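Hello,

The structure is below for you to open. My notes follow it.

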Amino acid sequence: MLFRSFWQANTVIDGGHPDRGGTGYQLLNTSGYTPHTRKVYTFLTDSVALQNGTSGSVVDVTASQNLAHFNNASRISKCRLGNSAACSGTATMTDATQETLINWIRGGDVATGGTNCTDGAASSCTTWRNWAHADVQHSKPAVVTYQITPSVTQYMYYVQNNGLLTVVDTATGQEKWSFLAEEALPQIQAMMTDAQGPQLQIADGTASIYIQDLNGDGNITGSDKVWLFFGLRRGGRVMYALDITAPDNPIFMWKISAETTPAKVCVANGACTNASQFNELGQTWSTPVVGKVRANANPVLIFGGGYDAEIGRAHV
């Protein structure tokens, strides 16, 4: 028996091939959607090791200053892309390399797609590489149904192992937007090089959805809220929160990060404050759950203390 994805034509048989069909196929074959026009956003804070004063973003994730694009190179900087010398003002990374890294995470063919993807001149990289979708190992998709007049829309949320929280229209399989965890930026070079050795773990957590349906009608309307939470699993000691009430206009709520010491909590404008109560947070493997506790009127997020990455490692 031959199997194909729901969204593909009868002639596209993907079966057990991970590099055919599904959302990866739709990504490459959506008319007018290219690495240049792809909607990939991030949110920059000072909770990461490599940062050079470009933190502080507007809460609207889709704002131009949050765009993960070479046109936003002053913010998606060489420092944040892993060039530590650039953090102190003397970059050793070229503009061409900077553009190459950014276009690679956007799915561009930086090997054979032409100089527009790699010339460091803000050209339009319009050629996809053969397969631009990363693996999804542990992240289970979460589906939200929105009542958007005059129709009902369903979006699916999941995390790729390249650091992208990806949002797909369940009716078409087409990507609506992706959010790149800023922790992935300095690891793009290693992902692109793909050297022999253990698999790189960037982000692979399952998104948890909280829906506040005030009138209980089953529709997201009026003052109802939809919040999304996800961790990086083996990718890091971080938990993110986004407001996805308006599905095409996500809002950054906060993130907790123990990637630096002391740990930090970063809120809507990108400002981070020290939060030593999270210093011992491990890798955020657990799927967060929203619940109520007696001492707090607002919902609370409940998740495990995290995996200790040092367990099982040899020490000298």
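S257 is found in strand β9 (residues 251-257); helices (H or I, at least four residues) and strands (E, at least two) are DSSP runs, numbered from the N terminus. This is a predicted model: local features need pLDDT of at least 70, side-chain atom pairs count only at pLDDT 80 or more, and totals for chains, interfaces and linings use all residues. Residues are numbered from 1 along each chain as its sequence is written, and side-chain values use heavy atoms, with hydrogens and water left out.

S257 is buried, at a relative accessible area of 0%. Buried means under 20% relative accessible area, exposed over 50%, and partly exposed in between (1.4 Å probe, protein chains only). The side chain of S257 reaches the backbone nitrogen of E259 at 3.2 Å. Setting aside residues up to four places away in sequence, S257 touches S47, R237, V238, A263 and K264. Contact here means heavy atoms within 4.5 Å.

S178 is buried, with a relative accessible area of 0%. Its side chain makes a polar contact with the side chain of T166 (3.0 Å). Another polar contact joins the side chains of S178 and E175 (3.3 Å). A polar contact is a pair of N or O atoms within 3.5 Å; within protein, one must be able to donate a hydrogen and the other to accept it, and residues adjacent in sequence count only if both atoms are side-chain atoms. Not counting residues up to four places away in sequence, S178 touches R38, K39, V40, Y41, L164, L165 and T166.

Strand β5 also comes up in the helix packing. In helix α1 (residues 22-29), the buried residues are G22, T23, G24, Q26 and L27. They pack against β3 (151-159), β4 (164-169) and β5.

Helix α3 (residues 95-105) is mostly covered, with eight of its eleven residues buried. These are Q98, E99, T100, L101, I102, N103, W104 and I105. The buried residues of α3 pack against β4, β5 and α4 (188-193). Just after α3, G107 takes a positive phi of about 100°.

Next, Q212 in strand β6 (residues 208-212). Q212 is partly exposed, at a relative accessible area of 25%. Leaving aside neighbours within four places in sequence, Q212 is in contact with D224 and K225. The C-alpha atoms of Q212 and W227 are separated by 8.5 Å, and the two residues are 15 apart along the chain.

Now the whole chain. Its secondary structure comes to four helices and 13 strands. The radius of gyration is 20 Å, close to the 20 Å that the globule rule gives for 316 residues, so the chain is as compact as a globular protein of that length. That radius is taken over C-alpha atoms; the rule is 2.2 Å times the number of residues to the power 0.38. Along its principal axes the C-alpha trace spans about 55 × 55 × 40 Å.

Buried residues make up 47% of the 316. Among contacts between residues at least 6 apart in sequence, 51% join residues at least 24 apart.

Best wishes
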